[in-house]
Each structure stands twice: as structure tokens, then as C-alpha cells.
Amino acid sequence: MLMVSRLKDLTIITNRLRHYFRNMDAKELQPPGSVRGMQELQREQFRKSVQVPRLRLPESQVQRVMPLVKKFLLKMEHLHPVRAVDNFREILLHPTPVKNWESLPTEDLQKREVTAENFSFADLELSYENWSANEILKSVLPTEEEGLTSYSRIGHIAHLNLRDHLLPYKQLIGQVLRDKLPNCRTVVNKASSIDNTYRNFQLELICGDPEYQVETKENGVPFEFDFSKVYWNPRLSTEHERIVKLLKSDDVLYDVFAGVGPFSVPAAKKGCHVLANDLNPESFRWLQHNAKRNKCLPNIQMCNKDGRQFIVEELREDLLKRLRTTDTTTYDIHITMNLPATAVEFLDAFRGLYKTEELAQLPENVCYPTVHVYSFAKGENTKELVRQLVESNLGASLDENLLHGINFVRNVAPNKDMYRVSFKLSLNLLTTLKEVEITRKRYAEEELQVATKVKCV
């Protein structure tokens, strides 16, 4: 039975594929070959006359015939496959599956008084408006190099990260996207790698209006911000949703690098107690705005500090209060650290965060926080590299405390991946300095003693 079921499923899938005809696979439906290599968009150069199969019928017959030919219809941008010509209707058909009258379900059509006399080929004028952005760019960009594989939409902005070989075509690419993408008014290119203090994109305007304040939705939650001054990546929406789904109402979230709130705001809307932080004053301003806009201010406190300072001050104080005064078995505590370029370098801030006596009287079953730290790794075995990065910066093995494994988030570039590592903090980690810190402290004390003796002499 299982084999029969699989065969049926395969048959259904095969039939669907058989009836799916891509326009770019039909040479006659491709843009003119002369547009290849065009760098300055000339829309009139895309005009082309082709012949396509058609059925020419009285209007009264169209509704009865459509169910029989629906899967053969010619579908292109700004083209209605049924058009009025004189007192008749022409049903335009796709040239890939329909080569002649016999390509159609002739017996069923004849039962509806449609014969070979109703079938012919019609002249069709195609223009720039009839192709999608992908089809236009595929016809223009060099075939020997990788084309435009992806872009991001943030509100009315299309955000590109163009490879060097596409830079001569950037103006054309920008114009095509602005023409073809719904509600797109601005097209920008990532001008350089993200290496500034506030981690916002350095943008180059290549087409449209220099308007960077956007409104967008992620997982149903509205956000507003100035894209030129903060970090926002729509490719992380699934990861944001995954973490928020882990949280229950009344859980606690410490968001060390909160940005404009993709973790913090949905968590606060869910009823979690959130303490969020970001160093970028613009991100902090929009974080406040988004919390207010989503009516979750009672559940969120926000800071504008360096991540390490936030951990050793606000997080330390709030966590200690919760560990001492509440039953942490009734809720979970999570810490998100989504600054993948450098977040692992802040992990040592948790080592020795408290003195042993501060945590001495806690219940044995106290629930310590779960840390979700994000990191990039470049090389062959990126998963193992990430683990090594986290362990070396934390100064401890993850074996006992690792939760949910080491999770792949997305590929960033060739041989460069982004991961999330989730692990539990423990009494030992929170009350013991890293060995390197102990050594540094000991050397400092010894130097101080030597200096003191010299001074006394």
C-alpha cells in the first residue's frame, strides 16, 4: 500500500510538472537576443513579434472550452490569454505543449463543437512589459557568469549585494527591479562589508528615491526603521520566529544585541519579560518606537549600552534578583546574542559574573539561563569551527551544557556559514573566571606587589 501511495504521489507530481511550461524554455517567447550585454536599459529594444497557437471561438463557447485548455494557456506578464478580436474570442496557447491541433484534447473539444478549423497561429506583439524581472535580467546579463541570484525586500527598498562582474550592469538591474517589483521605489547595493561600530549596511543608491525609512512586517509583527542607519536582514525572519516560538508567556528574555527588536518585540508581545539592549543609538530609538507601536511597553525595558557593559550591569542585576526571589522552575530564562561577527567575544563576560557567595543560597533546582549565541565560520568544517570559537571564548567545553545542538542558520558566502549555538549557563560558569582571566589577574597582582616593594625601598 505504501508503494502504491508513493507511486500515486509521484504521478501527481509528474503531471503537475508536465503541465508547467516556463516561458524562457520556449525560444520564441524569450526576449530578443540583441539585448544580451545591454548596460543602459532601452525598453523599446525588447519589442518582438511572435506566432503562438490559438483557438478562435464565438464568445458563447469560451466558458465551455476553458476547462479543457486551462493548463495550456499562455501566461505572461501583462498579457490576458483570452482576448477579443472582432466579434470573436482568441484563446492564446503556450507553444511548448501545443505544436498543432493534435496536441489538444481533440475528442473533448469536438464534443463542444470546436474543430481543427478553430485552431490556427496568431501574431503576437511582445514588449518589455511582458517579461518578469528575472526573465529580463536572464536575457541581458552575461551567460558565462553567475547572474543575479537573490535580493532582499525591506518595505519599498530592494537591497542587492552585487558581485564585481555585475557592477557594470547595476543601473540596468536597479531600473528593472524598480519597474517590475510591486511597490518598489528604491534600489540600493551593499557598498562594502559591515565593519563599522554599529553594524549597519553601507549603501549605494543605484535607482529610485533616497528614502530609507521603511515599514515592513516580519512574522506578522510590524516594524519601522531607517534602513540606512540600522541592521536588518529579512533572511533571518525564520530564525527570529524559531526562537520566539521557544518562549512561553512569562519567560524572560535578555537580548544583548537587540537591533530594532526582531527578537525582543515579538517576545514582549507574547507576554515575556524582556530586557533589550543595543549600542547603536538609532537602533535603540527604533527599538523603542517598535515596542510602543506594538503596544508591548509594559513587558520590555530597553538600554543603549555596549553589550559587555549590559551583561555585567543590567543583566547581572536583573538575573540575580530573579534567581534569588522567584521560583525559576516556573519559567525559562533565555539570552540572545545575535551579532554573529563578534558575539562570541562577549561570552567571557558570563565567567565570574557573580561571586560564589552571591549564589550560595539558591535552591538546588534553580533554572539557569539558556544562551543562544550566533557566529560566522569560514572554511571546510564550519560547524566544528563554530564550536571551537564558542568554547575558546567561553573558556569551557560545551559537552555538558549544550542544548538543541549546533544549528545551521544560513549560508552567507562561499564556505562561510552562520550558526546558532544554544547552551546552558551553570553555577560553575557564573562564579568561576576563565583561566586566562585568573592568570592575567595573578600576573597583575604580582606586578603590583613588585611595584609596591620597589616603592617601599
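Reply: Start with axes. An axis here is a line fitted to C-alpha atoms, and angles run from 0 to 180 degrees between N-to-C directions. Keep in mind that this model is predicted.

Me: What makes helix H4 roughly antiparallel to helix H5?

Reply: The axes of H4 (residues 133-140) and H5 (residues 170-180) cross at roughly 160 degrees. Angles over 145 count as roughly antiparallel. So H4 is roughly antiparallel to H5. Their axes come within 9 Å, and the crossing is right-handed.

Me: Which residues of H4 and H5 meet?

Reply: From H4 come Ala-133, Ile-136, Leu-137 and Val-140. From H5 come Leu-172, Ile-173, Val-176, Leu-177 and Lys-180. Contact means heavy atoms within 4.5 Å. These residues divide into eight nonpolar, no polar and one charged. Lys counts as charged, and Lys-180 is in the contact.

Me: How do you know that both faces of strand E11 are covered?

Reply: Look at each side of E11 (residues 252-255). Val-252 and Tyr-254 lie on one side, Leu-253 and Asp-255 on the other, and all are buried. Buried means under 20% relative accessible area. In a regular strand, side chains alternate between the two faces of the sheet.

Me: Why do E11 and strand E12 count as paired?

Reply: Two strands pair if there are at least two bridges between them. Four bridges join E11 to E12 (residues 273-277), so they pair. The two strands run parallel. Leu-253 has Val-274 as its bridge partner in E12.

Me: How many of the chain's residues count as buried?

Reply: Of its 457 residues, 48%.

Definitions and conventions. Residues are numbered from 1 along each chain as its sequence is written. This is a predicted model: local features need pLDDT of at least 70, side-chain atom pairs count only at pLDDT 80 or more; totals for chains, interfaces and linings use all residues. Side-chain values use heavy atoms; hydrogens and water are left out. Angles under 35 degrees count as roughly parallel, over 145 as roughly antiparallel, 65 to 115 as roughly perpendicular and the rest as oblique. A crossing is left-handed if the near helix is turned anticlockwise from the far one by less than a right angle, and right-handed if clockwise. Buried means under 20% relative accessible area, exposed over 50%, partly exposed in between (1.4 Å probe, protein chains only).
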